[in-house]
Amino acid sequence: MSYDPTIEALITARLKKVNDVQGTFYLPDCNQQDVVDTVNYLHTKFPTVIYETELSYDGLADITYDLSHLPSSK
């Protein structure tokens, strides 16, 4: 269980399609520990855009973002 480039690609694709500047989404079909590791890796690269995460009580890792810091934010 670790960073997964496939999960990064899923997150990136999803972020390109979001309508809200801030929000949260999940990837329930992926290994959740890999989601945690990938999101936290992305947080180190983009700390103002992707927030650090952990597994919640329901076993899902949230992917929380804030695109307001990007020049092309909506």
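**Close-up 1. Surroundings of V35 in the predicted model.** In this predicted model, V35 is in contact with I7, L27, C30, A61 and I63, once its neighbours within four places in sequence are left aside. V35 is one of the buried residues of helix α2, and it is also among the residues that touch the most other members of the largest nonpolar core.

**Close-up 2. The largest nonpolar core.** This core holds 17 residues, and those touching the most other members are I11, L27, V35, I50, I63 and Y65. Helices α1 and α2 and strand β2 each supply at least two residues of the core, with the largest share, four residues, coming from α2.

**Close-up 3. Helix α2, its start and its buried residues.** At the start of the helix, the backbone nitrogen of Q33 has a side-chain oxygen of N31 within 2.9 Å. Buried residues of α2 are Q32, D34, V35, V36, T38, V39, N40 and L42, and what covers the buried residues of this helix includes α1 (5-17) and β2.

Close-up 4. L42 lies in helix α2 and counts as buried because its relative accessibility is 4%, where buried means under 20%. Not counting residues up to four places away in sequence, L42 touches E8, I11 and I50, and of these, I11 and I50 are among the residues that touch the most other members of the largest nonpolar core. The C-alpha atoms of L42 and E52 are separated by 8.4 Å, with the two residues standing 10 residues apart along the chain.

**Close-up 5. The aromatic pair of F25 and Y65.** The count of aromatic pairs in the model comes to two. One of them is formed by F25 and Y65, whose rings are tilted, with 6.0 Å from centre to centre and 50 degrees between the planes. This pair links distant parts of the chain, since F25 belongs to strand β1 (residues 22-25) and Y65 to strand β2 (residues 63-66), 40 residues apart. F25 counts as buried because its relative accessibility is 4%, and Y65 is likewise buried, with a relative accessible area of 5%. Y65 is also among the residues of the largest nonpolar core that touch the most other members.

Technical notes:
Residues numbered from 1 in each chain as written. Predicted model: local features only at pLDDT ≥ 70, side-chain atom pairs only at ≥ 80, totals over all residues. Heavy atoms only, no water. Phe/Tyr/Trp six-rings, centres within 6.5 Å; stacked < 30°, edge-to-face > 60°. Buried < 20%, exposed > 50% of the residue type's maximum accessible area, 1.4 Å probe, protein only. Contact = heavy atoms within 4.5 Å. Polar contact = N/O pair within 3.5 Å; in protein donor to acceptor, adjacent residues only side chain to side chain. Core = buried A, V, L, I, M, F, W, Y, C linked by side-chain atoms within 4.5 Å.
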